[in-house]
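Keep the structure in view while reading.

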Amino acid sequence: MSDRTTKPRAGSPTHTGGTRPAPPSKTRKTLAMILTLVIILVALWQVDANWPRLANLFTTGPEYFRLMTQGVLQNPLVDPNTEYWSRATSLMIESLHMAWIGTMLGALLSFPMGFLAASNVSPRAVVFVTRQILNIIRAIPELILAIAVMLPIFGLGPLAGAMALGVGAVGTLGKLTSEAIEGIDLGPVEAARAAGANKWQVLRWGITPQVMPEIMAFWLYRFEINIRAGAILGFLGAGGIGSLLSQLFNVRAWDRIGITLMVIILITVLVDQISARVRARIISGDPRATLVEVDAEVV
């Protein structure tokens, strides 16, 4: 029986004397947490809020909630509750129209700008100029667009709100579109070029089919955002459900405010569920078609 010693393999850890290696230092992580906490405390102090009034949330808040709940729990088929529910529903549908028109306008304008802002499609100078335009549009809130631009041109009403939502959506949708284009698979593009396609044909058949599902999902998501933003624009006289809320808050009609908020919540949740299913169908495709293809392969 030979006396052989087993040598440690290259790269394997060796322990001398059975001592454990020293744990990594946590000083940097601790200092980062302390610095973050200090920044948060300084920010809260700079807000200069009346923090003692925060306790009123637990005293007067339940009373306001009770008053709003009274309107919701009343029979909606009895006047004047029927009138309140019907008016709130009709104005919420008007807000949906505003959001839809604004989304379509933003999609129409942002789609070509997304190609112009994509570094793998457009020249560098065009990309730079287009991205700065998109940055400027994103920096201007829809409220400012409505007050300073759309209301003087289109006057009070839902058209001004829809135009403000549409222009405001261009900045975000254009940026998301350009990022989707920059992340495409180059295989179909090279195949189209190898087949003799020109630049426009490459854009049409090599790039657009790849990014359209994702871009359409962005449009639907922006539609949901515009529904909420449209309610805020209504406070400025841009139409929709926000105009009704502004009137009700002025007279402190809490029961009708509760009815209006309930209509907003119900319709918003319904639209969100439908939009989520449509987005999943666009991105993932029809699951039934996949099952049919698998069955065909098995047969």
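The buried residues of helix H9 have a cover that includes H3, H8 and H10. The model is predicted.

**Helix H9**
- The buried residues in H9 are Ile-241, Gly-242, Ser-243, Leu-244, Leu-245, Ser-246 and Leu-248.
- After H9 comes Arg-252, which has a positive phi, near 55 degrees.

- In soluble globular proteins, nonpolar side chains tend to be buried together.
- The largest nonpolar core of this model has 22 residues, and Met-92, Ile-227 and Ile-241 have the most contacts inside it.
- Two or more residues of this core come from each of H3, H8, H9 (241-251) and H10 (254-284).
- The element that gives the most to this core is H10, with seven residues.
- Apart from its neighbours within four places in sequence, Ile-227 touches Met-92, Leu-96, Ala-99, Thr-268 and Val-271.
- There is also a second, separate core of 19 residues, and among its members are Ala-107, Ile-181, Val-211 and Ile-215.

**Packing of H3 and H8**
- Two packed helices are described by the angle between their axes and the distance between the axes.
- For H3 (residues 81-116) and H8 (residues 199-233), the angle is about 150 degrees and the axes are 8 Å apart.
- The crossing in which H3 passes H8 is right-handed.
- On the H3 side, the residues that meet H8 include Met-92, Leu-96, Ala-99, Trp-100 and Phe-111.
- On the H8 side, the residues that meet H3 include Ile-207, Met-212, Trp-219, Arg-222 and Ile-227.
- Sorted by class, this contact of H3 with H8 has 15 nonpolar, six polar and one charged residues.

**The whole chain**
- From the N terminus on, the elements run α-α-α-α-α-α-α-α-α-α-α.
- The protein chain has 299 residues, of which 32% count as buried.
- Among contacts in the protein chain with a separation of 6 or more, 72% are between residues 24 or more positions apart.
- The accessible surface of the protein chain is about 19900 Å², and 66% of this surface belongs to carbon and sulfur atoms.

How values were computed:
Residues numbered from 1 in each chain as written. Predicted model: local features only at pLDDT ≥ 70, side-chain atom pairs only at ≥ 80, totals over all residues. Heavy atoms only, no water. Axes fitted to C-alpha atoms, helices over the stretch in contact; angles between N-to-C directions. Helix = DSSP H or I, 4+ residues; strand = E, 2+ residues; numbered from the N terminus. Left-handed = near helix turned anticlockwise from the far one by under 90°. Contact = heavy atoms within 4.5 Å. Nonpolar A, V, L, I, M, F, W, Y, C, P; charged D, E, K, R; others polar. Core = buried A, V, L, I, M, F, W, Y, C linked by side-chain atoms within 4.5 Å. Buried < 20%, exposed > 50% of the residue type's maximum accessible area, 1.4 Å probe, protein only. Areas by Shrake-Rupley, 256 points an atom, 1.4 Å probe, with all protein chains shown as cover.
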